[in-house]
Amino acid sequence: MGAVIDLRSDTATRPTDGMRAAIAAADVGDEQCREDPSVTTLQERAAELLGQEAALFLPTATMANQIALKLHSRPGDVLVADRLAHVVIYEYGGAAAHAGLMIEALDGRDGRFTVEQLEAVTIPSTKSADQRATVLAVENTHNSSGGRCWPLAELEAITGAARERGLRTHLDGARLMNAAVATGVPAARIAGLFDTVTLCLSKGLGCPLGALLAGSADAIERAWREKHLFGGAMRQAGVVAAAGVYALDHHIDRLADDHVRARRLAQGWHAGGLPVDLAQVQTNFVQLDVGALGLGRDEALSALRESGVGLSSTIHPTVIRAVTHLDLDDDDIDCAIELAPRALGAGVAA
Ligand SMILES: Cc1ncc(COP(=O)(O)O)c(C=O)c1O
C-alpha cells in the first residue's frame, strides 16, 4: 500500500536490526526430531513466561488455537466462546472443520461474558450420551472489542466456574503480553488459570512469524502429534525461534510505549473531532466509528489511505481501527493525529 503511516495492524512490523542479528546467529537443528536448540530454548522460556509446564512452537496463532480445541474435545462436543471471538469468526470455521465442534456463542460485552452466561449454556443434559459443552475459549486481549482486557478477578471466576462444570479451558492470548503489560498482572498469573494458552509472536512482539501453545506436559505431548497432523512440524525452525527468544528479551516491556501512543492518538483524534470512544483504548487499538461522520467504511479507509494513513476494517460494519506497534514512533503518531481528522472531514462545519 502507498500509506506512509501503517496503522492497519501490529502484524505489520518488520524484524529490527537486533532481531535480524539474532536470526543470523541462530543455532539450528531438525525441529521435527526435537533437535533444534533455538526452538527448545524458546519453548522452555515460553512455558515459564506463561505459567505452564511445557510449550510448543507453531507457525501461527490460528494453528495453536485449533490444536488446543482438538486437544480438549471430541467431534460433536460444544465450544463455548464469545460471539466475536477470533476462534468463532476469523478461523474459517476451523473449530467445526478440525475438531468437529459445535459453537455456543455468548453475547459478550467488550469481549467478556459472565459466569451466569456460562451457567445458562452448560446445564447438564438429561441424556447420558448427549452433546455437551466441553471447552471454554476466552480471548485476552479481545481483538473485536478493540484490544480490551479481562480483569483478573473475572478470569478467575469464569475459569473456576468452567472447571466446576467439567469444561476444559483455552486462552486465546495472541496478544496476552499486551494485556499483562496494560493491567500490570504477570502473564503467568493470567495464563496459569487455563488448561492451554496461545501466544502470538508476530503481533506486538514483532517477530516475522510464529506462535506458542502452552499447557501441561501431557497436553503438549499430545499437541506435538497434532502439529505433525496439521503439517506444522518444521525443520531448521530455529532461524524463526531465535527471533522469538529475542522478542521475549527485548519486546515485552516496550509494549507500554505502544499503549501510550494509542492513547495519545485517541486523545488527539478525539480533540480533532473524530468519533473515538476513549474508554475503549486499553492497549494498542484505537477504534473509530465513521458512521457517526456519515461515512461508509471503505470510503473512510480510502480517504485515509490517500492522505497517507493506513487503517483497517473490523467486524463492525462502520468501525475502523488503528493499531500501534514497534515500527511506529512519536512523529508518526503526531502526523496521524493531524492528517486523519482532515481526511475524514471532521470538524469541517465548526
Ligand atoms: C485474538 C487473535 N487470535 C488469533 C489470531 C490468529 O493469528 P495468526 O494470524 O498468527 O494465525 C489473531 C490474529 O489477528 C488474533 O487477533
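Modeller: A salt bridge is a side-chain nitrogen of Lys or Arg within 4 Å of a carboxyl oxygen of Asp or Glu. In this predicted model, Arg261, Arg264, Asp330 and Asp334 are linked in a network of such bridges.

Colleague: How many salt bridges does a search of the whole structure find?

Modeller: Side chains of opposite charge can pair when their charged atoms come close. The search, run over the whole structure, finds 22 salt bridges.

Colleague: Which parts of the chain does the pair Asp110 and Arg148 link?

Modeller: The side chains of Asp110 and Arg148 meet in a salt bridge, at 3.6 Å from N to O. This pair links distant parts of the chain, with the two residues 38 residues apart. Asp110 belongs to the loop between β4 (102-106) and α6 (115-120), while Arg148 belongs to the loop between β5 (133-139) and α7 (152-164).

Colleague: Is Arg148 buried or exposed?

Modeller: Arg148 counts as buried because its relative accessibility is 10%, under the cut-off of 20%.

Colleague: Where do Glu338 and Arg342 lie?

Modeller: Both residues lie in helix α14 (residues 330-343), four residues apart, which is about one turn of the helix. Glu338 and Arg342 form a salt bridge whose closest N and O atoms are 3.0 Å apart. Glu338 is exposed because its relative accessible area is 51%, and Arg342 is likewise exposed, at 57%.

Colleague: Are Arg254 and Asp258 buried or exposed?

Modeller: Arg254 and Asp258 are both buried. They too form a salt bridge, and their closest N and O atoms are 2.5 Å apart.

Colleague: With which residues is Leu136 in contact, leaving aside its neighbours within four places in sequence?

Modeller: With those neighbours left aside, the contacts of Leu136 include Val80, Phe113, Leu118, Ile158, Ala162 and Leu167. Arg168, Thr169 and His170 are also in contact with Leu136.

Definitions and conventions
Residues are numbered from 1 along each chain as its sequence is written. This is a predicted model: local features need pLDDT of at least 70, side-chain atom pairs count only at pLDDT 80 or more; totals for chains, interfaces and linings use all residues. Side-chain values use heavy atoms; hydrogens and water are left out. Buried means under 20% relative accessible area, exposed over 50%, partly exposed in between (1.4 Å probe, protein chains only). Contact means heavy atoms within 4.5 Å.
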